[in-house]
Amino acid sequence: MTVTHAPVLVTGASGFIASHIVGQLLEQGYRVRGTVRSLKKEKDLAPLRALPGADERLELVEADLLTPGAYDGPAAGCEYVLHTASPYTLEAKDPQRDLVDPAVGGTRHVLTACRRAGTVKRVVLTSSMAAITDEPEGDRVLTEDDWNDKSTLDRNPYYLSKTLAERAAWGFVDEEAPSFDLVVINPFLVIGPSVGPGLNTSNQLFADLLAGTYPGVMSLTFAFVDVRDVADAHVRAMETPSARGRYICAGAAVPMRELVQIVSDAGWGPGHKLPKLGMDCAAGDFAVKLSSYLQPKGVGTYLRTHVGRVPRYDTSKIERGLGVSFRPASESILAALDDMARWGHVSQKQA
Ligand code: NDP
């Protein structure tokens, strides 16, 4: 194993995706400098510090996306910067303040720090499918050429924050012509085991599924991607000299009916409240859309823009260009559930 000298900077290092990136970088011999919002949250940071290689090669430092200059120190001396930090929630009290400002301002602060450092060769930005589209678009297959132009502060504001942040990143590169290049990963719904104790917004889907939150099996189709594959995509995007532009990062699209079947077949039915009522039909879609107005705003908009639609997307660029392959969705779903039971987010499977 070759140990590198210049550290790789990973922003938001204790996050769901970032902590897997940190783990894979350490495993491959890199020195890693991770930013976190607070070094005081020792309980959240302990799993990162326990990763193999962390004792010798992981350094954690504080930085907040909203603070100008906060990433200048962390970026100093780095050749690669993986910028993953961004608020991820479908419910925000004030979407401009809580989502857009940190996502966009934070991206600018990180890129400015990279330019000031003078040593950075490449930045890999964690964008999202949310910057590609606001909703599944009929039979049209989405590619890296697509941009979300529908989200607003009222309609899927998290999606808006990701779109504006990625646009700001490309704008920065166009206007400032920095000495580093930018590669962007656009993952769909990231699921799987977690390095730390937190429950990610995307794995929350499974907790809701087991808790009886869904009144029935709806015609929703989820474009899953395993968090370990997303981390692998980031490391490959960093290491592959020919990497360019954006990369859609997604495994298979799984209809809710198939998801419930996978979970039920694996024995998660007894003791949990998996949905049974078949609502994946025209009448069900109508009922879901109507009842979506009773849901919290973010969830309601998501339901109205996704029910009855199937996401279609082309992953050939990331598969051919970066050599990423995706685990079967069932493996990721069941790994997520086992892990959530381990952390106490759902009750254990009955024997
Ligand atoms: P997490 O919520 O686990 O991670 C988000 C990270 O951003 C956390 O480390 C968080 O820090 C950090 N962060 C949030 N606000 C600030 C702030 N003001 N200053 C500094 N750090 C901040 O989510 P994920 O791991 O899922 O998300 C990582 C990235 O992946 C995000 O950019 C997200 O948009 C993107 N993404 C996620 C998908 C998914 O399905 N999970 C899909 C597509 C893209 P702290 O721990 O202190 O809260």
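Which residues does His234 touch, not counting residues up to four places away in sequence? The list is Ile17, Ile21, Leu82, Val124, Thr126 and Ile185, where a touch, or contact, means heavy atoms within 4.5 Å. His234 sits in helix 8 (residues 227–239) and counts as buried because its relative accessibility is 0%; the cut-offs are under 20% relative accessible area for buried, over 50% for exposed and partly exposed in between, with a 1.4 Å probe and protein chains only.

Before going on, some housekeeping. This is a predicted model, in which local features need pLDDT of at least 70 and side-chain atom pairs count only at pLDDT 80 or more, while totals for chains, interfaces and linings use all residues. Residues are numbered from 1 along each chain as its sequence is written, and side-chain values use heavy atoms, with hydrogens and water left out. Helices (H or I, at least four residues) and strands (E, at least two) are DSSP runs, numbered from the N terminus.

Seven strands make an open sheet with parallel pairing, in the order 3-2-1-4-5-6-10; two strands pair if DSSP finds at least two bridges between them. Strand 3 (58–62) and strand 10 (245–249) are the edges, and each has a single partner strand, so one side of each lacks a neighbour in the sheet. From one strand to the next, the twist averages 20°. Angles like this run from 0 to 180 degrees between N-to-C directions, using lines fitted to C-alpha atoms, for helices over the stretch in contact.

Zoom in on strand 5 (residues 122–126) and strand 6 (residues 181–187), which pair in the parallel sense over five bridges. Val124, one of the contacts of His234, has Val183 in strand 6 as its bridge partner. Helix 5 (residues 95–117) packs on the sheet, where it touches strand 1 (8–11), strand 4 (80–83) and strand 5, and its direction makes about 175° with that of strand 4. Helix 6 (residues 157–176) lies across strand 5, strand 6 and strand 10, running at about 165° to strand 6.

What about the nonpolar cores? Such a core is a set of buried Ala, Val, Leu, Ile, Met, Phe, Trp, Tyr and Cys residues joined through side-chain atoms within 4.5 Å. The largest one has 44 residues, and Phe206, Phe224, Leu259, Val263 and Ile333 have the most contacts inside it. Helix 6, helix 7 (204–211), strand 8 (217–218), strand 9 (221–226), helix 9 (256–265), helix 11 (297–306) and helix 13 (329–342) each supply at least two of its residues. Helix 13 gives the most, with six residues. Leaving out residues up to four places away in sequence, Phe224 touches a list of residues including Leu189, Phe206, Val254, Leu259 and Ile333. A second, separate core of 39 residues includes Val8, Leu45, Val183 and Val230.

After helix 11 comes Gly308, whose phi is positive, near 80°.

Next, the ligand. Of the 26 residues around the ligand, Phe16, Arg37, Thr84, Tyr158 and Lys162 come nearest, with a 4 Å heavy-atom limit for being near. An oxygen atom of the ligand is 2.7 Å from an N or O atom in the side chain of Lys162. For the side chain of Asn200, the distance from an N or O atom to a ligand oxygen is 3.0 Å. A backbone N or O atom of Gly15 lies 3.4 Å from an oxygen atom of the ligand.

Finally, some loops. Ser38 is in the loop between strand 2 (32–36) and helix 2 (42–49), and its side chain reaches the backbone nitrogen of Lys40 at 3.0 Å. Beyond its neighbours within four places in sequence, Ser38 is in contact with Leu45 and Glu62.

Most residues other than glycine have a negative phi. Asn156 has a positive phi of about 50°; this residue is in the loop between strand 5 and helix 6 and is buried, with a relative accessible area of 4%. Ala177 also has a positive phi, near 40°, but is exposed at 60% relative accessible area, in the loop between helix 6 and strand 6.

Key: A polar contact is a pair of N or O atoms within 3.5 Å; within protein, one must be able to donate a hydrogen and the other to accept it, and residues adjacent in sequence count only if both atoms are side-chain atoms.
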